[in-house]
Amino acid sequence: MQLTSHSFKDGQAIPGEFAFAVPDAASHVALSSNRNPHLAWVGAPEGTQSFVVVCHDPDVPSRGDDVNQEGREVPATLPRVDFFHWLLLDIPAGTTQIAAGAQSSAVTPRGKSGPAAPGGLRHGINDYTGWFAGDEQMKGDYYGYDGPCPPWNDTLVHHYVFTVYALAAPTLVVQGPLNGANVRAALASAPVLAQASLTGLYSLNPAVPAV
């Protein structure tokens, strides 16, 4: 299989329209249009019955002590963890692409609804759910796609890995909440016939541009 996008090229920067936030000279960051990027895939194996799309960032700081703090920076040496931005399940076997903005357009405070998604698909819960848990204005269950918003003082450029999985099953059976960890566990035991990935870069730190 091969995964491509009209929205960005593999290994290149993701445009701000597909991010949760963009740089802002006055306040460091400003909310963006938060559109899901275009994705297209070819070469699905015979026997494919559905697809799953997962987007995760493996570069998220494991501790938040320095995150977005004036006069401080997140060191590149800090251990990093995964942050899931998009879990899209039960994509029909005949589907070969997802249009830009088809599953997300604009930031939705308290999160988009789910798990039902446009076209009869199923959205998982992304990790902004935990990130905003203590914010009275923003807390809620964040279903579907919410794009990049790395710390504005991070010394690392973040990588956003989009992966499409071809399954020999019409649906992915997930135990427990429909979050990244549980979807990843379900994929580990699912009849995955093939997979393909595409990586985009993003930074909100003007001193560390994504190029």
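This is a predicted model: local features need pLDDT of at least 70, side-chain atom pairs count only at pLDDT 80 or more; totals for chains, interfaces and linings use all residues.

Q: Cysteines to begin with. How many disulfides are there?

A: The count comes to 0 disulfides. Cys 55 is in no disulfide, and its nearest cysteine sulfur, that of Cys 149, is 14 Å away. Cys 149 is in no disulfide either, with the sulfur of Cys 55 as its nearest, 14 Å away.

Q: What about Cys 149?

A: Cys 149 is partly exposed, with a relative accessible area of 31%.

Q: OK, on to the core. Which residues have the most contacts inside the largest nonpolar one?

A: Those are Trp 41, Val 53, Trp 86 and Phe 162, in a core of 27 residues.

Q: Which elements give two or more residues to it?

A: That would be β5 (39–42), β6 (50–61), β7 (80–92), β11 (158–167) and β12. The largest share, 4 residues, comes from β11.

Q: Let's zoom in on Val 53. What is it in contact with, leaving aside neighbours within four places in sequence?

A: Val 53 is in contact with Leu 39, Trp 41, Trp 86, Leu 87, Leu 88, Ile 91, Ile 98, Thr 163 and Val 164. There's also a second, separate core of 14 residues, which includes Phe 84, Tyr 165, Val 174 and Leu 187.

Q: New topic: in what order do the strands run in the open sheet with β5?

A: The order is β1-β5-β8, 3 strands with antiparallel pairing. The edge strands are β1 (2–4) and β8 (97–98), each pairing on one side only.

Q: How many bridges join β1 to β5?

A: There are 3 bridges between those antiparallel strands. Leu 3 has Trp 41 in β5 as its bridge partner, and Trp 41 is also one of the residues with the most contacts inside the largest core.

Q: Last one: where does Val 208 sit?

A: Val 208 lies in the segment after β12 (192–202), and it is buried, with a relative accessible area of 17%. Leaving aside neighbours within four places in sequence, Val 208 is in contact with Asp 154, Thr 155, Leu 156, Val 157 and Ser 203.

Q: And how far is Val 208 from Trp 152?

A: They are 56 residues apart in sequence and 9.5 Å apart in space, C-alpha to C-alpha.

Conventions
Residues are numbered from 1 along each chain as its sequence is written. Side-chain values use heavy atoms; hydrogens and water are left out. Buried means under 20% relative accessible area, exposed over 50%, partly exposed in between (1.4 Å probe, protein chains only). Contact means heavy atoms within 4.5 Å. A disulfide is a pair of cysteine sulfur atoms within 2.5 Å. A nonpolar core is a set of buried Ala, Val, Leu, Ile, Met, Phe, Trp, Tyr and Cys residues joined through side-chain atoms within 4.5 Å. Two strands pair if DSSP finds at least two bridges between them.
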